[in-house]
Amino acid sequence: MGDRSRLCSVWLGSETGILKGVSLSRKQAFNFCNTSHLSRDQEVRALCWGDAAESELLVGCVDATVKTFSLEKGAFTESRRCGDPAEGCFSGLAALGGDALVTCAESGALRVWRQEGGDEPVTQVDAGKNVCRMRQSPANPNKVATGGKENGLKIWDLQRPEQPAFSAKNLRDDWLDLRRPYWVRDMAFIPDSDKVVTCTGYHQVHVFDPSSPQRRPVLEAEYGEYPLTAISLTPDGTAVAVGNTQGHIALLDLRKGLVRGCVKGLAGGVRGLQCHASQPLVASCGLDRFLRIHSLEDRKLQHKVYLKSRLNCLLLASQDLQEGGATAGEAESEVKEEEDEGDDVWDAMEQVEERQKRKTTEDTETTKKRKKAQD
């Protein structure tokens, strides 16, 4: 199993609770779980690296457990309970250094966990209800951003969690003086600045600048007519890739708020989206069960892998995606089959045989005429 996991450069979490790894250099995909004991309680909702060396994966499941997956051993080495399943699914997961990790549930329970703390969190913050996403700042691991439905963008310093370091104000009223609703679906920290870019369920992209006195967006843009579900910054930090519920992905320029271009080929809503840290590539996954990797330069499809189950999240390795597993041993190329929920229903249904069609008087006369003609 360790040989297989070292081959993989793309990791994905599925609704069926399977952690999937994909090797683009060998065009192989692998399942890392016990496929005989699958359930919706093990659905993977969040993925992140457990250390800077990218030797461990943290996997957040629906049953409020966080599992540690070792790439060297190719197996799960640890599992800890982080909260109550009644608080909702994980909306974010991040490593804080050492053995500490940060979790955020849909109910708004933002917590920091450590090994010496046992089953109780060492820090707990109420980020508000209906949190859709929590993201960690790459430059400062103690800084995280949260947002959700009717829950505006908030930036938290986990070393001083009493009050948010920044709390965004909603947009100004429209031309009819009506309140404009807000629904933060995802966010990303812009490198070399304090700015944060968000996408909303009302097909908007906003840029906030906590260093300025203005708490409203300093840049507003729109894309399409459908809710945006995922956002990711390009390697140069001048544009973002956004995906929506209809399977559309577009590149938006953060300097002018204009659409640079669109990526085609998706057949279902986008749930996971990530641009590579150094290569001009963007990976996406979602309801159509495919992992797709497009070029950011010409927006052409580079890789397409069918993974048999609906996908919730993905994580790219920082290494070159084509270099994975150059020294690893041979591994099996077959991906184990997993049964969809609907298969059991069809198998249990009684088979009905088609009855033989009764001949009518006209059919009998036609048959007699054909026999006479042949004679």
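**A pocket and its charged neighbours**

In this predicted model, the second largest pocket has a lining of 16 residues, and those lying nearest its centre are Arg-45, Cys-132, Arg-133, Arg-185 and Arg-271. The volume of this pocket comes to about 430 Å³. Rolling a probe the size of a water molecule over the atoms is what shows where empty space is left.

Of the contributors, β12 gives the most, putting three residues into the lining of the second largest pocket.

Side chains of opposite charge can pair when their charged atoms come close. Across the whole structure, a search turns up 12 salt bridges, and a few of them are worth a walk-through.

Take Arg-111 and Glu-87 to begin with: their side chains meet in a salt bridge, at 2.7 Å from N to O. This pair ties together distant parts of the chain, with Arg-111 sitting in strand β10 (residues 109-113) and Glu-87 in the loop between β7 (75-81) and β8, 24 residues apart. Why does Arg-111 count as buried? Its relative accessibility is 8%, and buried means under 20%, so Arg-111 falls in that class. Glu-87, in turn, is partly exposed, with a relative accessible area of 24%.

Another salt bridge joins Arg-80 to Glu-78, and here the closest N and O atoms are 3.9 Å apart. Arg-80 is buried, at a relative accessible area of 15%, while Glu-78 is partly exposed, at 31%.

Then there is Asp-253, which forms a salt bridge with Arg-255, the closest N and O atoms lying 3.3 Å apart. Are the two partners buried or exposed? Asp-253 is buried, with a relative accessible area of 12%. Arg-255, on the other hand, has a relative accessibility of 59%; the exposed class takes in values over 50%, so Arg-255 counts as exposed.

Technical notes: Residues are numbered from 1 along each chain as its sequence is written. This is a predicted model: local features need pLDDT of at least 70, side-chain atom pairs count only at pLDDT 80 or more; totals for chains, interfaces and linings use all residues. Side-chain values use heavy atoms; hydrogens and water are left out. On a 1 Å grid over the protein atoms alone, a cavity is a set of points where a 1.4 Å probe fits but cannot get out, and a pocket is an open set with protein on both sides within 12 Å along at least five of seven lines; lining residues have an atom within 4 Å of a point. Grid points are joined across faces, edges and corners, and a volume is the space filled by probe spheres set on the points. Helices (H or I, at least four residues) and strands (E, at least two) are DSSP runs, numbered from the N terminus. A salt bridge is a side-chain nitrogen of Lys or Arg within 4 Å of a carboxyl oxygen of Asp or Glu. Buried means under 20% relative accessible area, exposed over 50%, partly exposed in between (1.4 Å probe, protein chains only).
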